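Please keep the sequence and the coordinates at hand while reading.

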Amino acid sequence: MIKVENLTKRYAGQTAIENLNFEVGKGEIMGFLGPNGAGKSTTMRILSSFMPPTSGRASVAGYDIFENSLQARTHLGYMPENVPLYKDMRVTEYLEYRAALKGVPHRRMNERVGDVKELCGLKEVEKKLIGALSKGYRQRVGLADALVHEPDLLILDEPTSGLDPNQIRQVRELIRNLGRQHTILLSTHILPEVEMTCSRIIIINRGKIEACDTPENLVSQMRTATGVRLEARAGNDDGIEELKKIPGVKDVSLTTDGDWQVFSLRAEAGADVRPEVFRLASDRRWAVRELSQRKATLEDVFVEITHADEV
Amino acid sequence: MTKFFTLLSREIRSYFYSPIAYIVLVFFLLVSGVDFYFQVSFMNQRAVEYSVQEAFFNSVFFWFAFVLIFPLITMRLFAEEFKLGTIEPLMTAPVRDLQVVLAKYFGALIFYVILWIPTAFYFVIFQAVTHEPAGSSTGAYLGSYLMLVLLGMFYISIGCFASVLTRNQIVAAIISFAVITLLFFFGLVQFILLDVGSETRQLLGYFSAIEQMGTLSRGQIDTRPIVLYVSMTIVMLTFTYQAFQSRKWRL
Ligand SMILES: Nc1ncnc2c1ncn2[C@@H]1O[C@H](COP(=O)(O)OP(=O)(O)OP(=O)(O)O)[C@@H](O)[C@H]1O
Ligand SMILES: [Mg+2]
């Protein structure tokens with residue numbers, strides 16, 4: 001549904017995205033992740049024909065965004081970041097205006113606008129001025145707008161930013177349901193959300209794609225997949241040195257909690273070092289009060305891939 | 001075509017959402033009402049050779065109000081959309097750039113025409129009260145309002161262009177005000193240049209809105225201003241369209 005080839009966008013003096021290549025298939029929910037300024041919104045604005053790329057090609061729903069921009073836009077529902085709206089229009093009035101603009105025929109207008117109001121929970125504010133709505137409700141108006149012409153494809157730029165936890169859950173539920181019939185490209189900074197909704201993920205950093213896979217694969221392929229925590233009293237032994245000798249352990253760090261020593265071990269991907277750690281502790285007669293393994297999360301993947309930013 | 005009308009209807013309605021429309025309407029009614037009152041009382045005091053209608057459309061009051069309304073009704077057209085970011089949902093909907101430019105232009109033009117409708121009643125009321133004609137002929141009315149529409153077409157296209165250049169409404173208003181005032185006073189140059197020949201003066205006169213209004217409001221329909229303003233409007237709208245498209249490359 002979305003095909004991107006060598007897409008590059010340079011702003012005055014700055015490259016926002018460079019040689020992006022990816023595809024989103026029909027029915028996929030693709031998560032688009034990356035730190036601030038990575039180029040997510042830039043990519044989405046190009047795909048929605050809002051601005052042209054500096055070079056490269058892209059097609060949306062089978063239509064080239066250059067040559068068939070109007071058709072591409074007809075088949076696309078786009079929700080921009082920060083959801084700019086006409087504040088002086090009323091919710092129903094705005095949605096009807098947008099539906100007409102996107103070619104919803106007059107006889108289907110009431111049905112479509114009614115449906116999206118229902119779907120996005122806008123019934124109780126339908127007569128309000130958009131300027132008088134809270135941020136969450138404005139976000140919903142943006143989502144309703146993206147859906148009103150029954151597009152095959154949705155591009156949503158941070159659809160859940162600024163929502164309360166209940167609303168986030170509702171929107172997530174909505175996106176998951178939409179994913180049954182629609183193809184969705186969605187950007188967000190809320191990682192658990194991505195793990196729950198997306199079938200695939202692209203991680204982009206400084207305008208380049210760093211990873212593109214299913215959430216499960218990304219997590220399991222992580223180089224430093226797992227961390228092991230050991231709380232013990234090692235007595236006179238040098239715990240760090242001993243633990244580092246265990247095969248599979250890459251790194252050990254130590255903090256203290258009262259007279260307990262807390263070792264944090266980083267292990268190689270796929271290696272479970274806990275039995276070895278336990279054997280070492282019992283051989284050396286260390287007192288142990290906790291031995292646990294922390295599963296790598298998408299957050300670890302994200303930090304590992306993009307942490308170069310902080311250096 | 002239906003998309004054009006959808007856009008157009010929002011443009012016209014949007015004037016009435018904002019207080020600007022009502023302020024402009026009131027300001028305009030006030031100035032034109034005072035103008036009308038002055039002309040009538042002036043004529044009550046002495047005999048003149050022109051009609052009320054002719055005087056109304058050629059007074060200082062009239063021109064003062066006239067050049068001020070254009071920045072007010074055009075400044076927000078594009079600048080506001082750029083500033084609020086609503087240009088993004090607008091241009092990612094399946095509409096053509098040209099449809100948007102023309103809808104904005106005609107929306108402003110229609111609002112401008114709406115502003116003038118009440119002034120027609122001045123003449124109707126005058127006639128009903130005094131039982132005397134306010135204008136010298138039907139042609140004089142037609143000529144005056146034709147001139148208003150022609151000038152309006154051109155000045156609104158200038159305002160459109162100014163608004164597409166910036167995201168700041170005040171800047172847009174200042175640009176269009178400066179350009180319109182300059183163009184307007186350009187027509188007065190002939191009165192300053194004393195040592196130019198009468199031919200040059202006549203040539204300048206063709207471009208003078210005041211002179212054209214003088215002619216048309218007497219009922220002498222002249223095709224030269226029609227050609228001049230229609231073609232200038234098309235030129236300005238072409239510029240606006242080009243600037244609007246190139247906005248994409250500047251982003
Ligand atoms: N209009 C613009 N002019 C110049 N540079 C811009 C413009 N818009 C974005 N940029 C730059 O392009 C880069 C990518 O921006 P973009 O908005 O795509 O990031 P993002 O991934 O959406 O970030 P965020 O998570 O903060 O939304 C940034 O470095 C930004 O400063
Ligand atoms: Mg962004």
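## Residue classes and the shell around ligand 1

In the class counts used here, Ala, Val, Leu, Ile, Met, Phe, Trp, Tyr, Cys and Pro count as nonpolar, Asp, Glu, Lys and Arg count as charged, and the others, Gly among them, count as polar. The model is a predicted one, and on this division the shell around ligand 1 holds 4 nonpolar, 7 polar and 3 charged residues.

Ligand 1 is surrounded by 14 residues, of which the closest are A:Gln14, A:Lys40, A:Ser41, A:Thr42 and A:Glu81. Helix α1 of chain A makes the greatest contribution to this shell, with 3 residues.

From a side chain, an N or O atom of A:Glu81 is placed 2.6 Å from an oxygen atom of ligand 1.

Taken on its own, ligand 1 has 640 Å² of accessible area, and the protein covers 68% of this. The elements that supply two or more residues to the shell are β2 (14–24) and α1 (40–47) of chain A.

## The magnesium ion

Ligand 2 is a magnesium ion, coordinated by A:Ser41 through OG and by A:Glu81 through OE, at 1.9 to 2.5 Å. These two residues bring together distant parts of the chain, since A:Ser41 belongs to helix α1 of chain A while A:Glu81 sits in the loop between β6 (76–79) and α3 (91–101) of chain A, 40 residues apart.

Are the two coordinating residues buried or exposed? A:Ser41 has a relative accessible area of 18% and is therefore buried, because the limit for that class is under 20%. A:Glu81, with a relative accessible area of 29%, is partly exposed.

## Domains of chain A

Chain A is divided into domain 1, covering 2–220, and domain 2, covering 223–295. The C-alpha centres of these two domains of chain A lie 45 Å apart.

## A buried phenylalanine in chain B

In chain B, helix α5 (residues 76–84) contains B:Phe78, and this residue is buried, with a relative accessible area of 0%. The C-alpha atoms of B:Phe78 and B:Phe244 are separated by 8.9 Å, although the two residues are 166 residues apart along the chain.

Key. Residues numbered from 1 in each chain as written. Chains lettered and ligands numbered in written order. Predicted model: local features only at pLDDT ≥ 70, side-chain atom pairs only at ≥ 80, totals over all residues. Heavy atoms only, no water. Near = heavy atom within 4 Å. Polar contact = N/O pair within 3.5 Å; in protein donor to acceptor, adjacent residues only side chain to side chain. Areas by Shrake-Rupley, 256 points an atom, 1.4 Å probe, with all protein chains shown as cover. Helix = DSSP H or I, 4+ residues; strand = E, 2+ residues; numbered from the N terminus. Donors = N, O, S within 2.8 Å, 3.2 Å for Na, K, Ca; no water. Buried < 20%, exposed > 50% of the residue type's maximum accessible area, 1.4 Å probe, protein only. Domains from an automatic or database assignment.
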